[in-house]
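Try each task before reading its solution.

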Amino acid sequence: MSTLAIDGSSGLSGGRRLGFALRYADLALLAVALPAFIVVGWPLLGYAVAAAAWLAQRGIHRLAERRSARALAARDRRGALGTVAAATLGRVWLVTLSILLVGLLGEREDGLAAAVLTLFLVTAFLGSQFLSRLLAGTVRG
């Protein structure tokens, strides 16, 4: 029997499925939050701004990961660290200013909704990063 017949057509084994789920847990939470915002009646402008800022910072994070991996492959630790540091600071400023501006230029409730959603997204992101690195260490060790 082939491994395709045993594992199915998904192409992801159990450990890889968990890693994939952990890697994108924050994006799943973002997707689930939209119906919750609609049902509860929370401001959709707050959701839209938080979602746009979150997706933009995730894109920046992904690009920084790739660039730092290339720098490390070239044995340029300083370049890799600089990339990660600059991307981290930029991502924090992007999300923070987005929340601040929607709260100041829109309704205060828009800013509050964006801040609360971002709080949950950051928590999900950091928790999933911690768990994925913990599990990766367990698998290797």
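**Aromatic cluster**

Ring pairs link Phe37, Trp42 and Tyr47 into a cluster. The model is predicted: local features need pLDDT of at least 70, side-chain atom pairs count only at pLDDT 80 or more, and totals for chains, interfaces and linings use all residues. Residues are numbered from 1 along each chain as its sequence is written, and side-chain values use heavy atoms, without hydrogens and water.

**Exercise 1.** Classify the pair of Phe37 and Trp42.

Solution. Start with the rule: rings of Phe, Tyr and Trp (its six-membered ring) pair if their centres lie within 6.5 Å; planes under 30 degrees apart are stacked, over 60 edge-to-face, the rest tilted. The count comes to three aromatic pairs.

**Exercise 2.** Check the span of H4 against its end C-alpha atoms.

Solution. Helices are DSSP runs (H or I, at least four residues), numbered from the N terminus. H4 covers residues 44-73. Expected span is 1.5 Å times one less than the number of residues. Arg75 follows H4, with a positive phi near 60°.

**Exercise 3.** Is Gln57 buried or exposed?

Solution. Buried means under 20% relative accessible area, exposed over 50%, partly exposed in between (1.4 Å probe, protein chains only). Gln57 has 2%, so Gln57 is buried. Beyond neighbours within four places in sequence, Gln57 is in contact (heavy atoms within 4.5 Å) with Arg91, Leu94 and Val95.

Technical notes
Helix = DSSP H or I, 4+ residues; strand = E, 2+ residues; numbered from the N terminus.
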